[in-house]
Amino acid sequence: MSVNSSSLDKTEITIQTFQDFIQQEREYQDRKWGKQNHPDEKWLAIFVEEVGEMSKAILEKNDVELFEEIVQAAAVLQAWVTSRLFDFSTGEDG
Ligand SMILES: [Mg+2]
């Protein structure tokens, strides 16, 4: 378990709380893996794995696990988007 959410009770998660958990998870992932640079296909595979774990948590009706997997997925997206440069001249908006 990479995010300590055991103190959470049935409660609303604020944006700030969510961001704090994502930051904790980012720091954990950075300690575990170091700075990651992957091709987009690899990042997508990592993200989809987290989505699969979210699906499992939903099927098991496990809110703690679901929250943790959502945080992990968000942290993966953050790592992905900040690991590469985007060329916004290549496409049209929308
Ligand atoms: Mg996971």
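Modeller: In what follows, a residue is buried if 20 or more other C-beta atoms lie within 10 Å of its own, exposed if 12 or fewer do, and partly exposed in between, with the C-beta atoms placed from the backbone. The model is a predicted one, in which local features need pLDDT of at least 70 and side-chain atom pairs count only at pLDDT 80 or more, while totals for chains, interfaces and linings use all residues. Residues are numbered from 1 along each chain as its sequence is written.

Colleague: Is Lys 61 buried or exposed?

Modeller: Lys 61 lies in the loop between α2 and α3, where helices (H or I, at least four residues) and strands (E, at least two) are DSSP runs numbered from the N terminus. Because Lys 61 has 8 C-beta neighbours inside 10 Å, its class is exposed.

Colleague: Which elements make up the protein chain, from the N terminus on?

Modeller: The protein chain contains three helices and zero strands. Read from the N terminus on, the order of its elements is therefore, by the DSSP runs, α-α-α.

Colleague: What span does helix α1 reach from its first C-alpha to its last?

Modeller: Helix α1 covers residues 15-33, which is 19 residues. The expected span of a helix is 1.5 Å times one less than its number of residues. For α1 that expectation is 27 Å, and the computed span, close to it, is 26 Å.

Colleague: Within what arc do the buried residues of α1 fall, seen down its axis?

Modeller: The buried residues of α1 are Phe 21, Ile 22 and Glu 25. The arc is taken over the directions from the helix axis to the C-beta atoms. These buried residues line one face of the helix, because the arc that holds them is 100°.

Colleague: Which exposed residues does α1 carry on the face turned away from its buried side?

Modeller: What covers the buried residues of α1 includes α3 (63-82). On the face turned away from that buried side, the exposed residues are Gln 16, Glu 27 and Arg 31.

Colleague: Which helices do the buried residues of α3 pack against?

Modeller: The buried residues of α3 include Glu 68, Glu 69 and Gln 72 as well as Ile 70 and Val 71. Contact here requires that the C-beta atoms of two residues, placed from the backbone, lie within 7 Å. The helices against which the buried residues of α3 pack are α1 and α2.

Colleague: How far apart in space are Arg 26 and Ala 75, C-alpha to C-alpha?

Modeller: Arg 26 lies in helix α1 and is partly exposed, because 18 other C-beta atoms lie within 10 Å. Leaving aside its neighbours within four places in sequence, Arg 26 is in contact with Ala 75, Gln 78 and Ala 79. Arg 26 and Ala 75 are 49 residues apart in sequence, while in space their C-alpha to C-alpha distance is 5.5 Å.
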